[in-house]
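Have the viewer open and follow along.

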Amino acid sequence: MPIVHLRDEGWEPTAFFFNPNIHPENEWLKRRDAMREAAMRLNVPLLEEGSPVNPGQWVRSLHGVLRQGERCRLCYRPRMERTAALAVEQGFDAFTTSLLYSRYQHHETIAEEAAKAAQACGATFLYRDFRTWWWEGIAMSKELGIYRQKWCGCILSMKDALTQQKEDKARKAAQKAERAARLAREAEERRLKKEAVAAHPNKRARKALARKAAQSTAAHEATLP
Ligand code: SF4
């Protein structure tokens, strides 16, 4: 989406793929290939730099700043610094970043790091809030059939995503079990009612039995955790 909207504004963008914090290596390759595919389909020139970095090496370089958000600033920084430097080297009028499209990233931190990187080397940072086009971007990536990432990038975000997946799975299983138990209880109540009708055609006696069944269900539910 950033490319499409920059073009709408009259810019002639060049894409730059540079992200050392995509782990593991096969994920880095998938995203690099997806970038190549998108660049080809959008007919935009593509510059590439870097190669997959060992996840352990990156985690060690954080010196204990592992918390999501705090480590992200340290992750954005070299990416913005290299992009700003490249913009100067190649004589581009300005640079921006597709990170500003994501609703899951720390938008203000990215803008701060990009502005700092621009100032340090004399580049121009073009701030845009591409999140406005979030849904259009998703629709477009589906339409183009381009690979969509399941985690942010680094090994820590991959672990976070896996933990989240496990929690979602456990929550869904618990909901399913709860629903099955409720349906079973309701079926049992219906069965008891039917039995009562068959055994006691008298209305008053049936009512008394129904009350008893309801009390016994309530007592059973009260013992549930
Ligand atoms: S979660 Fe994403 S932005 Fe944050 S450190 Fe990992 S790869 Fe970088």
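## Starting at the end of H4

Helices here are DSSP runs of H or I with at least four residues, strands are runs of E with at least two, and both are numbered from the N terminus. Before going on, a word on what you're looking at: this is a predicted model, where local features need pLDDT of at least 70 and side-chain atom pairs count only at pLDDT 80 or more, while totals for chains, interfaces and linings use all residues. Residue numbers start from 1 along each chain as its sequence is written.

H4 itself has 21 residues, and its end C-alpha atoms sit 31 Å apart, in agreement with the 30 Å it should span at 1.5 Å a residue. (The expected span is 1.5 Å times one less than the number of residues.) Its buried residues are Cys72, Cys75, Tyr76, Arg79, Met80, Thr83, Ala84 and Ala87. Buried means 20 or more other C-beta atoms within 10 Å of the residue's own, exposed means 12 or fewer, and partly exposed is in between, with C-beta atoms placed from the backbone. What do these H4 residues pack against? Strand S1 (15–17) and helix H5 (107–121).

## The nonpolar core

The largest nonpolar core has 18 residues, and Tyr76, Ala84, Phe95, Ala114, Ala118, Ala123 and Phe125 have the most contacts inside it. H4 and H5 each bring at least two residues to this core, with the largest share, 6 residues, coming from H4. A core of this kind is a set of buried Ala, Val, Leu, Ile, Met, Phe, Trp, Tyr and Cys residues joined through C-beta atoms within 7 Å.

Take Ala118: leaving out residues up to four places away in sequence, it touches Ala84, Ala123, Thr124 and Phe125. Contact means that the two C-beta atoms, placed from the backbone, lie within 7 Å.

## Around the ligand

Now for the ligand. Around it are Asn21, Gln68, Arg71, Cys72, Cys75, Cys152, Gly153, Cys154, Leu156 and Ser157, each with its C-beta atom, placed from the backbone, within 6 Å. Helix H4 (70–90) and H7 are the elements giving two or more residues to this shell, and H4 has the largest share, with 3 residues.

By type, the shell has 5 nonpolar, 4 polar and 1 charged residue. In that count Ala, Val, Leu, Ile, Met, Phe, Trp, Tyr, Cys and Pro are nonpolar, Asp, Glu, Lys and Arg are charged, and the others, Gly among them, are polar.

Helix H7 (155–199) has 45 residues and runs 66 Å from its first C-alpha to its last, close to the 66 Å expected.

Across the protein, 16% of the 225 residues count as buried. The C-alpha trace spans about 95 × 40 × 30 Å along its principal axes.

The peptide bond from His23 to Pro24 is cis, with omega near -10°, and Pro24 lies in the loop between S1 and helix H2 (25–42).

Two residues other than glycine also deserve a look. Asn43 has a positive phi, near 55°, and is found between H2 and strand S2 (46–48), in the loop. His63 has a positive phi too, near 50°, in the loop between helix H3 (55–61) and H4.
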